[in-house]
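Colleague: Could you pick one part of this model and walk me through it closely, with its neighbours and the cut-offs behind your terms? I would enjoy one connected account.

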Amino acid sequence: GYTVRNVEDSDRLLWESRAEAAAGVASLQTAAEAVADISKEALDHLEQAKSHLLNPTSSRARKDAVRDAMSAMEAMIKKLGKDGDIDAASKKLREEKVWGYDQIVKDGHSVWNLLHKHHPDIRHGQPSGTDINLEEALFWIDRITAYVRYMTSRCRVLGR
């Protein structure tokens with residue numbers, strides 16, 4: 001079916017298909033399947049993101065879905081890079097020069113930084129919050145899950 005939501009900063013209402021959120025859940029599920037044998041922590045975060053995305057009309061739920069997808073990506077990068085710091089782990093992955101094209105390998109770290117820059121309240125409380133509409137949430141989730149699927153595929157190819 002459809003749900004109705006307010007359009008930010010206006011008195012308009014928007015009918016949106018629940019299929020959009022379902023597509024995001026499917027993307028998260030595919031990434032969860034890909035990472036299941038690599039990082040239990042990443043898998044748990046992706047499962048949590050799916051549950052948040054099932055309530056796409058709530059701004060907090062959309063933001064929580066993106067946050068949990070980010071956390072999954074962070075856990076995976078740290079695991080693959082064998083470092084507890086995302087910056088150092090990402091750098092190690094790039095320096096190995098076996099994970100593929102540098103722009104792709106560093107994309108996870110780029111997404112991480114972009115989300116923190118544009119939505120500083122996504123992971124840590126801030127005095128003023130930002131909103132993520134469904135379209136933006138799905139964009140970030142798709143970008144994160146594409147990265148997770150790519151890196152887990154490379155992990156298997158490398159036999160790690």
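Modeller: Gladly! Let's start where helix 3 and helix 6 pack, at an angle of about 145 degrees and with their axes 10 Å apart. Two packed helices are described by just this pair of values, the angle between their axes and the distance between those axes. The axes here are lines fitted to C-alpha atoms, for helices over the stretch in contact, and the angles run from 0 to 180 degrees between N-to-C directions. Helices (H or I, at least four residues) and strands (E, at least two) are DSSP runs, numbered from the N terminus.

Please keep in mind that this is a predicted model, where local features need pLDDT of at least 70 and side-chain atom pairs count only at pLDDT 80 or more, while totals for chains, interfaces and linings use all residues. Residues are numbered from 1 along each chain as its sequence is written, and side-chain values use heavy atoms, with hydrogens and water left out.

From helix 3, Val-66, Met-70, Met-73, Glu-74 and Ile-77 meet Gly-108, His-109, Val-111, Trp-112, Leu-115 and His-116 of helix 6, where contact means heavy atoms within 4.5 Å. By class, this contact holds 7 nonpolar, 3 polar and 1 charged residues. For these classes, Ala, Val, Leu, Ile, Met, Phe, Trp, Tyr, Cys and Pro count as nonpolar, Asp, Glu, Lys and Arg as charged, and the others, Gly among them, as polar.

Now look along helix 3 itself. Its 23 residues reach 33 Å from the first C-alpha to the last, close to the 33 Å expected at 1.5 Å a residue; the expected span is 1.5 Å times one less than the number of residues. Helix 3 is largely enclosed by the rest of the structure, because 18 of its 23 residues are buried. Buried means under 20% relative accessible area, exposed means over 50%, and partly exposed lies in between (1.4 Å probe, protein chains only).

Helix 3 has another partner to visit. Helix 2 (residues 40-53) and helix 3 (residues 59-81) pack at an angle of about 165 degrees, their axes 8 Å apart. That makes helix 2 roughly antiparallel to helix 3; angles over 145 degrees count as roughly antiparallel, under 35 as roughly parallel, 65 to 115 as roughly perpendicular and the rest as oblique. This crossing is left-handed. Helix 2 brings Glu-41, Ala-42, His-45, Leu-46, Gln-48, Ala-49, His-52 and Leu-53 to the contact, and helix 3 brings Ala-61, Asp-64, Ala-65, Arg-67, Asp-68, Ala-69, Ser-71, Ala-72, Ala-75 and Met-76. These residues divide into 10 nonpolar, 4 polar and 4 charged.

Leaving aside residues up to four places away in sequence, Ser-71 touches His-45 and Arg-123. The C-alpha atoms of Ser-71 and Asp-44 are separated by 9.6 Å, although the two residues are 27 apart along the chain.

Just after helix 3 comes Lys-82, with a positive phi of about 55 degrees. Lys-82 sits in the loop between helix 3 and helix 4 and is exposed, with a relative accessible area of 64%. Lys-97, in the loop between helix 4 and helix 5, also has a positive phi of about 55 degrees although it is not a glycine. Lys-97 is exposed too, at 69% relative accessible area.

Finally, the wider setting. The chain holds 7 helices and 2 strands, in the order β-β-α-α-α-α-α-α-α along the sequence. Buried residues make up 43% of its 160 residues.

Methods
A crossing is left-handed if the near helix is turned anticlockwise from the far one by less than a right angle, and right-handed if clockwise.
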